[in-house]
Amino acid sequence: MLFFALDRSKALGHNIAKAGGFDVAPHEEREFDGGEHKARPLTEVNGHDVFVLHTLNGETGASANDKLLRLLFFLAACRDHGAARVTAITPYLPYSRKDRRTKPQDPVTSRYVAQFFEAIGVDSLMTLEVHNPAAFENAHRCRVLHLSTGSMFAGEITARPTARTQAVVSPDPGGVKRAQLMREALQEATGKDVPFGFMEKRRSAGVVSGSHFAGNVDGCVVHIVDDMICGGSTTLRAASAVRAHGAVEVHAFATHGLLTEDAVAALSETSLVDTITLTDSTTPNPAWATRFGDRLRILSCAPMIADAINAEHNSLPVSARSVQK
């Protein structure tokens with residue numbers, strides 16, 4: 001097996017390798033005038049089972065588009081040079097939110113991204129907590145491994161003992177299945193019933209609306225779970241609603257931290273949310289620790305990905321796989 005981590009995912013790559021008990025294979029990335037680039041493995045890939053990590057969120061100096069293209073080119077080079085199998089690992093996969101047409105002439109961008117991977121001959125694609133797992137699986141023709149962070153979040157919650165009833169809430173109807181899976185994991189971990197709720201949400205032209213909340217959270221410690229936090233408005237709307245329905249504490253959980261400056265400002269200044277828990281599927285901005293202090297918790301997804309890599313390489317069931325129907 002060979003495991004590569006492209007440059008902008010190097011820190012996560014080394015954590016995954018350490019957790020999995022394997023090495024990070026050497027590679028080279030070069031920049032050229034005019035904005036072009038190349039990347040190549042620096043070890044023989046012919047006949048090997050190749051895994052390539054690159055998390056594809058946009059960041060300063062590298063857009064999601066640029067990172068996606070670099071990954072595709074590197075995967076294609078491994079295929080060209082005889083890799084027996086090629087697996088792309090994208091902890092954050094861009095464009096997964098655009099999985100259907102909501103307006104006339106709309107693109108279905110998630111399917112187009114899937115076609116890129118298909119075109120270069122990728123055998124498998126591994127990712128964490130996509131926006132819509134069913135749409136993700138339907139878009140791809142290669143083998144897909146969708147890893148859920150619900151059990152990891154449930155473990156974090158049980159490590160925070162409280163005598164109060166704990167509840168799980170989805171901030172929108174589209175995330176109900178994700179929140180239900182976390183609720184089930186929390187019930188299994190605690191042996192207690194966990195109330196559930198969800199928030200109404202509609203979005204059009206970037207404007208979010210909908211104010212109805214369903215669920216009984218009066219007197220509860222509420223955990224709002226989502227796939228990502230970006231602008232922060234979805235989390236804040238849900239937090240405001242559960243506070244109005246009697247929640248005594250509110251904790252936000254999201255796999256992917258894509259926080260904008262406005263989101264950091266709004267979430268760091270509000271008293272609606274007690275803590276925010278993210279994973280390192282995207283590299284946390286060091287400035288967040290200063291703004292949030294001990295209200296921010298970062299959990300590592302490296303052990304989960306490492307276990308999935310080892311299981312996949314050895315043709316064993318990937319226990320972290322989330323099958324969401």
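Gln105 counts as exposed, at 78% relative accessibility (exposed means over 50% relative accessible area, buried under 20% and partly exposed in between, with a 1.4 Å probe and protein chains only). This is a predicted model, where local features need pLDDT of at least 70, side-chain atom pairs count only at pLDDT 80 or more, and totals for chains, interfaces and linings use all residues. Residues are numbered from 1 along each chain as its sequence is written, and side-chain values use heavy atoms, leaving out hydrogens and water.

**Two residues with positive phi**
- Gln105 is not a glycine, yet its phi is positive, near 70°.
- You will find Gln105 in the loop between β5 (85-90) and α3 (109-119); helices (H or I, at least four residues) and strands (E, at least two) are DSSP runs, numbered from the N terminus.
- Glu129, also not a glycine, has a positive phi of about 40°.
- Glu129 sits in the loop between β6 (124-128) and α4 (133-139), and is buried, with a relative accessible area of 3%.

**Cavities**
- There are 3 cavities of 30 Å³ or more in the structure (a cavity is a set of points on a 1 Å grid over the protein atoms alone where a 1.4 Å probe fits but cannot get out, and lining residues have an atom within 4 Å of a point).
- The largest cavity holds about 80 Å³ of space (a volume is the space filled by probe spheres set on the points, which are joined across faces, edges and corners).
- Of its 13 lining residues, Leu93, Ser96, Ser110, Phe136 and His140 are the closest to the centre of the largest cavity.
- Two or more lining residues come from each of α3 and α4.

Methods: 1 Å grid on protein atoms, 1.4 Å probe; cavity = no way out; pocket = protein on both sides within 12 Å on 5 of 7 lines; lining within 4 Å.
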